[in-house]
Amino acid sequence: MSKIVLSVEAVSKQYRLGQTGTGMLMHDVNRWVHRIRGKEDPYKKLSVVNDRTKVSDSKYVWAIRDISFDVSQGEVLAIIGKNGSGKSTLLKILSRITSPTEGVVKMRGRLGSLLEVGTGMHPELTGKENIFLNGAILGMTKTEISRKFDDIVDFSGCARYIDTPVKRYSSGMIVRMGFAVAAFLEPEILIIDEVLAVGDAEFQLKAIDKMKQVAETEGRTVLFVSHNMTAVQSLCTRGILLNNGALTYTGSAEDCVKEYGDANYHEVRESAVAVRPDVIKTGRIEVSDFWFENREGERKFIFMSGDSIQMKLNYKSSLDELPFLSVSFALHDANGSPLAELWNFSVEGAEKVYPPSGTITCSINSLPLNAGRYYINITIRHRNQMDYLLKHAAYFDVLQSDFYGQGFMPNPKFGQFLLEQNWSTT
Amino acid sequence: MTNKEKDWDLVIEPVSSSMQALRISQIWKYRDLISLFVHRDFVAVYKQTILGPIWFFLQPILTTIIFTVVFGTAAKLSTDGLPKPVFYMSGIVLWNYFSEVLLKSSETFIAYRYIFAKVYFPRLVVPISIVFSNMLKLGVQLILFFAVYLYYCITTDLIEPTWHLLLIPLLIVPIALMGMGCGLLVAALTVKFRDLKFMVNFAVDLLKYVSPIIFPLSMIDGTLQTLILLNPMSAIIETFRVLCFGQGEFEWIYLASSLGMTFVLLAVGLFYFAKAEKTFIDTV
């Protein structure tokens with residue numbers, strides 16, 4: 001087995017909740033009194049597990065508790081978990097932004113962390129000056145940056161603007177430039193946090209390719225934190241899953257993603273549709289819930305290509321009966337391009353009369369979609385009048401599986417649909 | 001598998017369990033970042049201003065004029081027989097350097113919190129870059145000062161330049177260290193207690209009037225003089241005047257105690273800064 005380059009041993013981090021103010025001075029004094037008497041910090045005992053949905057009396061909370069894992073050289077480790085599970089805290093400790101409350105982290109080699117792109121760029125300075133400044137902030141020397149300068153400019157695609165102050169750049173250009181600098185950072189261990197969520201689709205693909213190259217051909221160790229399960233699956237070799245600050249699963253990236261999908265993540269999304277502020281509605285028809293289920297009737301938000309998916313919608317109306325009720329689920333990709341419309345009229349016709357409340361289900365037997373993230377817009381019309389419109393009502397992730405049964409899958413770059421097809425030679 | 005403690009390059013531990021010294025070698029590795037920060041401060045600050053770098057001159061000139069009118073002509077304070085403009089300007093230029101290094105480096109954690117929240121580099125890089133970028137500014141202002149100085153050398157016989165002038169750079173070092181030492185201490189404390197920020201602004205402003213800037217030390221004697229000498233800047237300003245004009249109160253003991261205080265301040269500042277830098281991001 002290859003060398004362990006990063007070892008995390010029983011790391012915990014405690015935070016104090018609520019406002020920072022006068023009470024804190026008292027706590028500090030109390031803590032200090034305990035320390036000079038040789039006793040343990042009295043507030044360490046008070047903390048509770050970090051579950052933000054439950055109200056607790058304790059003002060201290062463990063953002064992460066007792067996390068241990070090792071990373072070997074050349075491994076690409078995914079750190080996944082829902083929002084607030086402690087991923088960012090863990091990253092902050094690994095990248096030395098804050099210290100752990102307990103535990104030890106040991107590492108070999110230079111560590112570069114990329115929690116944000118373009119950190120410290122100054123709007124008044126030119127692109128060139130900012131490449132140097134940003135590179136130096138990330139830990140590169142001037143000679144190192146000069147050597148890679150042309151590659152960085154080339155990768156960012158901002159060659160024309162290199163002597164223009166960054167304040168004249170579009171936000172996309174700043175992101176590109178930031179990523180380009182980071183991409184040429186050459187630490188032995190690289191930590192990346194969701195940076196891929198920025199930039200346009202073309203640039204995201206470029207970024208993923210670059211990261212693959214870093215991990216595969218250059219044999220460097222990468223820790224990758226993301227909500228993008230497709231990226232995790234295609235990039236990572238191993239994964240760890242965090243939940244409420246504890247490490248709940250370690251395994252291959254695929255298993256970890258599945259485990260994550262099975263975890264009760266949907267609790268967060270369930271109520272989402274009902275409380276969304278951006279909904280447009282008349283009030284005649286209310287939607288209380290919208291979700292996805294698998295064949296077994298379990299709520300899911302991650303599917304494999306070829307899985308069966310059921311989209312379910314709970315509604316309630318002030319009218320007694322609903323004839324001519326048009327329900328449409330429009331499928332979009334991550335860039336907002338429309339892919340397909342699932343429409344009840346197209347299958348059931350217009351004559352069906354719907355009850356005043358109930359659950360509408362639209363099933364797809366074999367999901368003909370390649371890996372990616374897909375969004376649903378919900379539109380409901382009654383007698384040709386728009387009653388409810390919610391864009392980006394929900395999304396699901398599709399992971400690659402062996403859809404055609406031959407062990408080969410078309411590249412999602414070239415299209416998202418998986419069509420039934422026959423090939424022959426004459 | 002070799003897991004011996006020794007071959008780890010970096011070990012991250014809780015704050016309380018170890019007091020990692022500020023590793024100078026670490027900072028040396030980041031010297032390019034220091035020079036880029038200095039460059040940025042110098043270039044970016046005056047962009048899109050009409051007067052641009054003229055501001056470096058304008059501030060000490062205007063202050064000198066006001067001081068000459070108010071303290072020199074109206075209040076008729078002694079200037080040890082020296083021409084008023086050079087007398088006041090010498091104090092103002094040095095004091096400005098001290099106070100700017102102190103105030104700017106005391107804001108390190110707050111001004112850089114967005115960067116510090118995302119990237120690690122030795123936090124001390126920031127106050128060090130403040131010392132150097134203000135030193136450039138001081139250099140520019142000293143050129144102005146010596147222009148005025150030269151004018152009085154030529155037009156009057158009140159000033160006789162000597163080889164002592166060559167010692168001036170040596171005097172800049174303790175000012176830088178003193179400003180940084182105080183700044184680091186305040187920075188560490190403001191992480192938790194923001195009130196201090198207002199207090200320090202106010203205190204530095206008041207301290208200016210109990211240093212020999214608007215009056216020569218020779219004007220005051222007894223306990224009051226000892227009190228004023230407790231401000232470590234006093235001895236340095238007086239020494240500067242001795243080097244430039246051959247006029248002023250100079251005693252080795254004054255300078256030595258000032259240097260002593262500088263090193264104590266710097267050590268205390270570094271200690272608390274190193275302690276605060278590890279977790280300040282949780283509170284800021």
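Is Phe324(A) buried, partly exposed or exposed? I checked, and Phe324(A) is partly exposed, because 15 other C-beta atoms lie within 10 Å. The cut-offs I used: buried takes 20 or more other C-beta atoms within 10 Å of a residue's own, exposed takes 12 or fewer, and partly exposed is in between, with C-beta atoms placed from the backbone.

Housekeeping before I go on. This is a predicted model, so I keep in mind that local features need pLDDT of at least 70 and side-chain atom pairs count only at pLDDT 80 or more, while totals for chains, interfaces and linings use all residues. Residues are numbered from 1 along each chain as its sequence is written, and chains are lettered from A and ligands numbered from 1 in the order in which they are written.

Entry: I found Phe324(A) in the loop between strand 15 (322-323) and strand 16 (325-333) of chain A. Helices (H or I, at least four residues) and strands (E, at least two) are DSSP runs, numbered from the N terminus. Asp80(B) is another non-glycine with a positive phi, about 60°. I located Asp80(B) in the loop between helix 3 (54-74) and helix 4 (84-106) of chain B. Asp80(B) has 16 other C-beta atoms within 10 Å, so I put it down as partly exposed.

Entry: strand 7 of chain A. This strand covers residues 189-193, and five of its five residues are buried. On one side I see Ile189(A), Ile191(A) and Asp193(A), on the other Leu190(A) and Ile192(A), so to speak both faces are covered.Next I looked at its neighbours, counting two strands as paired if DSSP finds at least two bridges between them. Strand 6 (residues 111-114) of chain A runs parallel to strand 7 of chain A, with four bridges joining them. One of the partners I looked up is Ile191(A), which is bridged to Ser113(A). Strand 8 (residues 221-225) of chain A also pairs with strand 7 of chain A in the parallel sense, over five bridges. There I found Val225(A) opposite Asp193(A).

Entry: where the chains touch. How many residues does each chain bring to the contact? I read 37 residues from chain A and 31 residues from chain B, with contact meaning C-beta atoms, placed from the backbone, within 7 Å. On the chain B side, helix 2 supplies the largest share, six residues. I also noted strand 5 (residues 102-107) of chain A, which runs antiparallel to strand 1 of chain B and is joined to it by three bridges. Met107(A) has Leu10(B) as its bridge partner in that strand of chain B.

Technical notes: Two residues are in contact if their C-beta atoms, placed from the backbone, lie within 7 Å.
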